[in-house]
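Work through the exercises below with the model open. Try each task before reading its solution.

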Amino acid sequence: ADYNPNDLQYFYRELETINKKGIILIVDEFDILLEAVENSKGVDSSLLPCLRGLINSADCQNAVHLVICGSNKMIRYMNGGTFNQFFQQFGSNNIEVGKLLRKEMETMIEKPIENRGLQVKFAPESLDWIWRYTQGLVWYSKLVAHYALERARANTRMVVYPSDIVDSVITVVSNEEYFKSLVTSCTSKELKVLDALQGITCSICRR
């Protein structure tokens with residue numbers, strides 16, 4: 001059926017009338033959804049107009065508290081991307097979450113390896129390097145650890161060395177969008193290393 005914003009607004013107005021509190025509507029993994037919409041992978045195109053209807057309607061705002069969650073991939077959509085105008089309607093109500101404690105980060109990285117029955121281990125120094133660069137940001141910690149683990153496995157090694165982390169970081173910083181977000185969590189010393197790695201990567205790409 002065709003999307004009718006009046007029907008949606010009526011539904012939420014009635015909902016608020018019934019329970020006096022409204023509801024919290026959580027849309028998780030929104031970055032994956034946006035990517036599917038952008039690539040036209042069969043996602044209902046009425047979804048975004050539906051969400052815009054929630055944002056723009058005073059009645060809906062009283063009845064519905066909309067929470068949109070996603071990984072740092074949403075940054076490219078929020079900062080001048082295809083759906084930038086959609087995100088601007090949220091104003092400044094953006095909350096960054098996901099920084100883990102050092103021990104939590106290590107568990108997040110090592111536990112899946114154990115669960116998969118792999119014998120590969122991260123050297124303590126390798127975990128130090130990941131922590132220095134990501135400061136516990138979940139998505140980047142996973143990203144750097146993933147590339148480093150795959151590099152070690154490709155070389156049939158049982159240990160992930162700091163050199164694997166460096167190679168992983170080079171892979172990450174060669175993507176400008178990842179790099180811009182990653183550097184915000186680094187200290188001045190790490191930034192000097194990243195700058196050097198970025199320069200090396202760009203030099204290699206130009207050859």
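**Exercise 1: a helix crossing**

The crossing of helix 9 and helix 10 is right-handed. This comes from a predicted model.

Task: State how helix 9 is oriented relative to helix 10, and why.

Solution.
- Step 1. Locate the pair: helix 9 spans residues 138-154 and helix 10 spans residues 162-173.
- Step 2. Take the geometry. The two axes come within 8 Å and cross at roughly 125°.
- Step 3. Classify. Angles of 65 to 115 degrees count as roughly perpendicular and those over 145 as roughly antiparallel. At roughly 125°, helix 9 is therefore oblique to helix 10.

**Exercise 2: the residues between them**

Task: Which residues of helix 9 meet helix 10, and how do the contact residues divide by class?

Solution.
- Step 1. On helix 9, list L143, V144, Y147, A148, R151 and A152.
- Step 2. Their partners in helix 10 are S163, D164, I165, D167, S168, V169, T171 and V172.
- Step 3. Sort the contact of helix 9 with helix 10: eight residues are nonpolar, three polar and three charged.

**Exercise 3: a second pair**

Task: Describe how helix 7 packs with helix 8.

Solution.
- Step 1. Helix 7 (residues 102-115) and helix 8 (residues 124-134) have axes 11 Å apart, at an angle of about 115°.
- Step 2. The crossing of helix 7 and helix 8 is right-handed.
- Step 3. R102, M105, E106, I109 and E110 of helix 7 touch P124, L127, D128, I130, W131 and T134 of helix 8.
- Step 4. The contact of helix 7 with helix 8 holds six nonpolar, one polar and four charged residues.

Key. Residues numbered from 1 in each chain as written. Predicted model: local features only at pLDDT ≥ 70, side-chain atom pairs only at ≥ 80, totals over all residues. Heavy atoms only, no water. Axes fitted to C-alpha atoms, helices over the stretch in contact; angles between N-to-C directions. Helix = DSSP H or I, 4+ residues; strand = E, 2+ residues; numbered from the N terminus. Parallel < 35°, antiparallel > 145°, perpendicular 65-115°, else oblique. Left-handed = near helix turned anticlockwise from the far one by under 90°. Contact = heavy atoms within 4.5 Å. Nonpolar A, V, L, I, M, F, W, Y, C, P; charged D, E, K, R; others polar.
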